[in-house]
Amino acid sequence: MHTSFANALAALLLAGAIGLAAAAPAASAAPAGAPATAARTQHTAPDEDGYKLWLRYQALAPAAQERLQAQARSIVLAAAATPTTSAAIAELQRGLAGMTGTAPPQASALADGALVLATPASMPSLDAALKAELAQLGQEGYLLRATRLQGRAVTLIAANADTGLLYGAFAWLRAAATGVAPEARSAPGLQLRLLNHWDNLDRHVERGYAGASIWDWWALPEIVDSRYTDYARANASLGINGTVLNNVNAKPEVLTAAYIAKAAAVADVLRPYGIRVFLSARFSTPLELKETDTADPLAPAVQAWWKNKADEIYRAIPDFGGFLVKANSEGQPGPQDYHRSHADGANMLAAALAPHHGIVMWRAFVYAPHPDPKTDRARQAYEEFKPLDGKFASNVIVQVKNGAIDFQPREPFHPLFGAMPHTPLMMEFQITKEYLGFSTDIAYLGTLFSEVLDSDTMQRGQGKGPTVAQVLEGGDAPRQLTGMAGVANIGVDRNWTGHHFDQANWYAFGRLAWNPQASAQHIAKEWAAQTFGNDDRVQQQVVQMLMMSRETVVDYMTPLGLHHLMGTAHHHGPAPWVNDLERPDWNPVYYHRAARDGIGFDRTASGTNALDQYAPALARLYADPRTTPDRYLLWFHHLPWTYTMASGRTLWAELLWHYDRGVAGARDLQARWEALRGAVDARRHAEVAQRLRRQVINAELWRNACIAYFQSVSGLPLPPGVAPPPQSLDAYKAIHFPYAPGRG
Ligand code: BDP
């Protein structure tokens, strides 16, 4: 056994199997573990621009450096050499060089202190217990161990496939950078862990606040930006394994030969990192390209067109993931244009992709084109999709937004989760902050995502689950497909996300897609340590800022279950007064229903009864405002301004209290950051400080405009201690943002 391992290893070494990419230059920053006091008094940290994201690999404190060096004196590949293992080794070398401040370890034969990457196939001598553990971890899971191999004390990264080794390498580096013991083993809870880019072919990013699209469609396929490799590294470090390159509001041209070649060039860069490329497909593509005279999914010519198109794509991209489709939603074409169902449409595309093992992600974000004024937009996705449960082909997964309206600062979980037991459902979160202050306001979405994932659907009764996370993971019945998608917040800004803190949202999404039951706070700590270093004071402060930030935004924008009060089209700033848009359900007044008698949307049996779409235990609980959590109160109930809250305050006073708490929270964020001046490099400190100033202005605007408006409706005086808005309601109404970024 031992000999066969040694032989295999020797063969690999001889074959030059071990990739020896040039390591990044050793970092010159002050040791991240330096005492906080030193950091406070000296301005030694060199400026950083944020490009490296959480993969900074800063030099550790001397003792930690020694420990790390002892664990990786050399690197041994005991697995088939592939572009993916080369990427893993290059990353280990880059990380070790940075964190230990020395030359990267080189390939060698097995020796004490080696860092070994092994698969059972290439290393039959692996201990039986380890092999048994590995057998449970699939193709993407990994084991990390300090163990003995052939009598040598080594650090072992073991996996069944090269992608698992890559993920294991990143996990090991993460543990080293954050100063914690690595998790002994890990495997993803969900299969599809995808970014959705809402990027157009002209590089405008719909709801993008970090500059133009990173995909330079014009330059591709000949010109391939090196940034794509760093994008892949960042995603692989989190376990993200797929990316939809183009906007769900898709153009037909993306499926022409020229664009398929461009997508193939991107796929070639991402492939070694375990990331597959997907495309958003416009349902009427063949018709619009004038290659068929209908887009009816039951027309044989249409079916043949899609089949040929799938064949063509797979010739260029053999591991193409499949299509994401927005159909019969907000003016997009779809099967209903031909009186066919969502299932007819999805299954037709699925049949074209099935021979190649591709999938269709069919979005459930739909609402009727001609709304009945009496109905409730929150009900519509459920009404259209619930009757189709069990009718989708096995390579279709329905992609459902986290809430029934639209990525609001807070929504109850979507009633479809738990309601379609015979259909795989994947989560769609929005990482870009369309409704939470773009990339100027700090709002850590780890807490938003976890709040949704941890929600009890009560399908089995109150407190009995399954949670939304468990539904996604397959619930009681193992699913063929599981997944989570996040609408990306990435652009060409040097720091990728516009706001340094918005990197945390990309990070949190990836970590939760890997493990939907992970803790948002734990993720925040990991991110803070890797992004700003291991100075305890910095780390604690940053984590506190992250953890309070989303609630702060909810407080100043949409407290107590209010929703969709944002400015028309661009969704920036307060506009609760808007009542004149083309569709009633685009107007903020439709959602808050504030009048002299009270405020809130009655979704109980006396109103639209959207509550009825939830499991009976939950519907019963939320039917009564007394047993509805305050955070969802006005989502489900229309209540008098004088309604007494659990706090003892009236609803009116409570609303004002939240607005004031929101502004105080924004100022607190600013003060906390100010206290870190000198402890964080000057450039990133200044860039965040500027945005925090802007966030305070935004919070004040929201608070003042909403109070001015709701007071004009309630007619109630402000209680003592509540400052009157400094301007008139008309003055707030006159504020417009015609050139706000990111519009659709
Ligand atoms: C809304 C966005 C719009 C998207 C739409 C969607 O405002 O730009 O196209 O969602 O998810 O939130 O399809």
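This is a predicted model: local features need pLDDT of at least 70, side-chain atom pairs count only at pLDDT 80 or more; totals for chains, interfaces and linings use all residues.
## The ligand and its surroundings

Let's start with the ligand, which sits in the largest pocket. Around the ligand are 14 residues, and those that come nearest are Glu206, Lys326, Arg363, Asp406 and Glu434. By residue class, the shell holds 8 charged, 4 nonpolar and 2 polar residues.

Glu206 places a polar side-chain atom 2.4 Å from an oxygen atom of the ligand. For Glu434, the distance from a polar side-chain atom to a ligand oxygen is 2.5 Å. Arg363 also takes part, with a polar side-chain atom lying 2.6 Å from an oxygen atom of the ligand. How much of the ligand's surface does the protein bury? Taken alone, the ligand exposes 320 Å², and 97% of that is buried by the protein.

## A six-stranded open sheet

Next comes an open sheet made of 6 strands, with mixed pairing. If you trace across the sheet, the strands follow the order β2-β1-β3-β5-β4-β6. The edge positions belong to β2 (106-107) and β6 (185-186); each has a single partner strand, so one side of each is left without a neighbour in the sheet.

Within this sheet, β1 (residues 74-78) and β3 (residues 114-118) run parallel and are joined by 5 bridges.

## Backbone spots to check

Most peptide bonds are trans, and most residues other than glycine have a negative phi.

Pro221 belongs to the loop between β7 (192-196) and α7 (227-238). Another cis peptide bond links Gly465 to Pro466, and its omega is about -5°. Pro466 lies in the loop that runs between α13 (445-453) and α14 (468-472).

Finally, take a look at Tyr57. Tyr57 is not a glycine, yet its phi is positive, at about 50°. You will find Tyr57 in the loop between α2 (36-41) and α3 (62-71).

How values were computed. Residues are numbered from 1 along each chain as its sequence is written. Side-chain values use heavy atoms; hydrogens and water are left out. A residue is near a molecule or strand if one of its heavy atoms lies within 4 Å of it. A polar contact is a pair of N or O atoms within 3.5 Å; within protein, one must be able to donate a hydrogen and the other to accept it, and residues adjacent in sequence count only if both atoms are side-chain atoms. Accessible areas come from the Shrake-Rupley method with a 1.4 Å probe; for residues, only the protein chains shown count as cover. On a 1 Å grid over the protein atoms alone, a cavity is a set of points where a 1.4 Å probe fits but cannot get out, and a pocket is an open set with protein on both sides within 12 Å along at least five of seven lines; lining residues have an atom within 4 Å of a point. A molecule sits in a cavity or pocket if more than half of its atoms lie within 2 Å of its grid points. Ala, Val, Leu, Ile, Met, Phe, Trp, Tyr, Cys and Pro count as nonpolar, Asp, Glu, Lys and Arg as charged, and the others, Gly among them, as polar. Two strands pair if DSSP finds at least two bridges between them. Helices (H or I, at least four residues) and strands (E, at least two) are DSSP runs, numbered from the N terminus.
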